[in-house]
Amino acid sequence: MLTRPGILLKKLGFEKTFLIVLIVAGFAVRFSGLGYSHFYGDEIKTLYLDKTIAASDFLLDQRKGPIQFVAAWVMEKISGGYDEAWVRLPFSLASVLSVVIFYFVVKKLFGNTASYFSTIIYAFSGFSVAFGRTAQYQSFLMLFGFLSLLFILLSKETKKRIYILAASLSWTLSVYSHYDGVFFLIPLIFFYVGSKKDIAPFIKYFLLPSLLFLLPFYLPYIIKGYLASNTINYVSRRVSGSGYLPNSSLYTVGVYNPLYVFFIFMLPGLLSFFIKDNRRISIVQIWFVASLAFYEVIIKNPGTHIQNYLLPLIILSGVMLSKAGRYVRYTAIALLFLYTTISFFTFVPSLNTGYPWKQSNFLGLRVNKIEKKYQLFLYGFPYNRGWDRIKTYFTEKKDVNGVYTNDNDSYADYYLRGFAYTRPGPNFLPQYYVHIIDSQEIDNPKENFLTTNAAKYSLETEFSDDTGPISRIYKLIK
């Protein structure tokens with residue numbers, strides 16, 4: 001007698017069943033408790049808070065393209081406010097859709113089996129899930145980047161010009177999400193241009209339309225000086241690493257993908273470089289090497305942008321696993337179940353036990369609290385320290401004349417907007433001090449503030465959740 005999964009598999013076939021399970025699990029890991037975490041600093045920057053500034057100036061006065069800002073603004077209009085779950089909703093949807101498009105791209109290039117392996121690795125990788133839970137550009141970058149690849153492959157397959165035009169528009173939208181969209185040009189060019197006769201139509205139907213699509217935003221962005229004032233200085237600091245802690249991309253990957261299973265899945269991709277005479281694999285390898293060289297040689301502090309070279313490596317790993325022997329594939333499948341489970345326990349608030357802010361346990365395996373010995377940009381991890389309750393507390397008070405916190409300044413600036421955020425001076429202490437337990441500012445010197453001034457402050461109130469105290473408010477003793 002067939003079990004229920006067996007009946008479903010028989011009726012729908014393996015591929016359809018796989019996609020249904022993948023989409024359901026992808027939704028679950030991205031949407032569960034989506035509104036639990038506070039907005040991260042970069043999420044706050046996507047919000048159109050100051051309506052005295054013209055919308056056009058707001059969009060142009062940024063370091064990134066307009067997609068994330070427009071998406072957040074649309075959700076503000078729909079929901080009537082800045083609710084975390086509502087604002088993140090389109091980004092999470094884009095992330096799930098990117099998984100589906102990714103599947104079909106790899107399938108067209110390397111077949112079903114390679115696509116099964118690659119897509120699971122991508123769908124539950126730390127970067128994909130983390131950015132699928134935040135209001136930032138990455139999910140749209142991946143969605144439109146993969147969509148452009150799918151259309152370019154369809155164009156080559158069907159010889160229809162409409163697909164290359166669709167690829168051009170999709171790629172443009174990826175660049176409107178972030179400049180990292182440029183890296184998708186590598187596979188786009190090589191997969192389309194197989195001979196000299198392909199160059200002219202690629203220029204005519206892809207490059208020229210892309211230029212026309214990009215001009216409406218980036219031309220005024222360059223002319224008005226926003227590129228020079230906002231982007232060039234920022235990029236130069238990332239290139240030089242000036243003002244940042246030392247970078248370790250391996251450490252960053254390990255933080256987003258604890259317990260090292262992700263690293264195991266990257267090994268087959270590296271082994272692909274021993275394969276010869278396969279043009280498609282070579283193209284993905286070029287994509288990987290070029291983006292790796294840029295972010296590890298030219299950029300001294302790439303942060304989470306390393307995701308750009310992990311994408312082709314994930315594809316290569318899926319290809320190699322599809323070519324492996326039976327027992328290797330069986331072992332990989334078993335590890336994928338563990339890998340997926342780790343993703344849920346890392347990013348779903350109801351399952352997470354404190355990682356990465358404090359020592360935690362996954363399935364009985366201990367994971368240590370992270371240390372900020374390297375530069376880390378942390379997004380998407382469960383993080384709620386009661387800032388909404390802190391705001392309510394101060395709203396009910398009178399004469400709140402200054403607040404300081406050991407947490408990231410952007411939290412206080414956003415969640416306590418309307419109250420003066422006051423940093424201490426040589427002869428001045430703020431009226432209130434908000435102490436966040438296990439704050440996002442790991443190994444932060446501001447942690448010493450309360451110790452140094454303990455005799456000058458008294459505890460007024462404390463906020464807790466199921467795990468215990470999460471934040472405290474202290475008042476300056478008169």
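Predicted model: local features only at pLDDT ≥ 70, side-chain atom pairs only at ≥ 80, totals over all residues.

**Exercise 1.** Characterise the lining of the largest pocket by position, helix and residue class.

*Solution.* 
Step 1. The largest pocket holds about 1,100 Å³ of space.
Step 2. Its lining comprises 39 residues, and those closest to the centre are Asp42, Tyr234, Arg238, Phe377 and Tyr379.
Step 3. At least two lining residues come from each of α3 (41–44), α13 (226–240) and α16 (279–298). The largest share, 5 residues, belongs to α13.
Step 4. By class, the lining of this pocket has 16 nonpolar, 14 polar and 9 charged residues.

**Exercise 2.** Carry out the corresponding analysis for the second largest pocket.

*Solution.* 
Step 1. The volume of the second largest pocket is about 600 Å³.
Step 2. Among its 17 lining residues, Phe14, Phe18, Ile120, Ile333 and Phe337 lie nearest the centre.
Step 3. The helices α2 (14–31), α7 (112–123) and α18 (326–347) each contribute at least two residues to this lining.
Step 4. The classes are 13 nonpolar, 3 polar and 1 charged.

**Exercise 3.** In what order do the 4 strands of the open sheet lie, and how are β5 and β6 joined?

*Solution.* 
Step 1. The order is β3-β4-β6-β5, with mixed pairing.
Step 2. β3 (403–405) and β5 (457–465) are the edge strands, each pairing on one side only.
Step 3. From one strand to the next, the twist averages 20°.
Step 4. β5 and β6 (residues 468–476) run antiparallel and are joined by 8 bridges. Phe463 stands opposite Ser471 in β6.

How values were computed
Residues numbered from 1 in each chain as written. Heavy atoms only, no water. 1 Å grid on protein atoms, 1.4 Å probe; cavity = no way out; pocket = protein on both sides within 12 Å on 5 of 7 lines; lining within 4 Å. Points joined across faces, edges and corners; volume = space filled by probe spheres on them. Nonpolar A, V, L, I, M, F, W, Y, C, P; charged D, E, K, R; others polar. Pairing = 2+ DSSP bridges. Axes fitted to C-alpha atoms, helices over the stretch in contact; angles between N-to-C directions.
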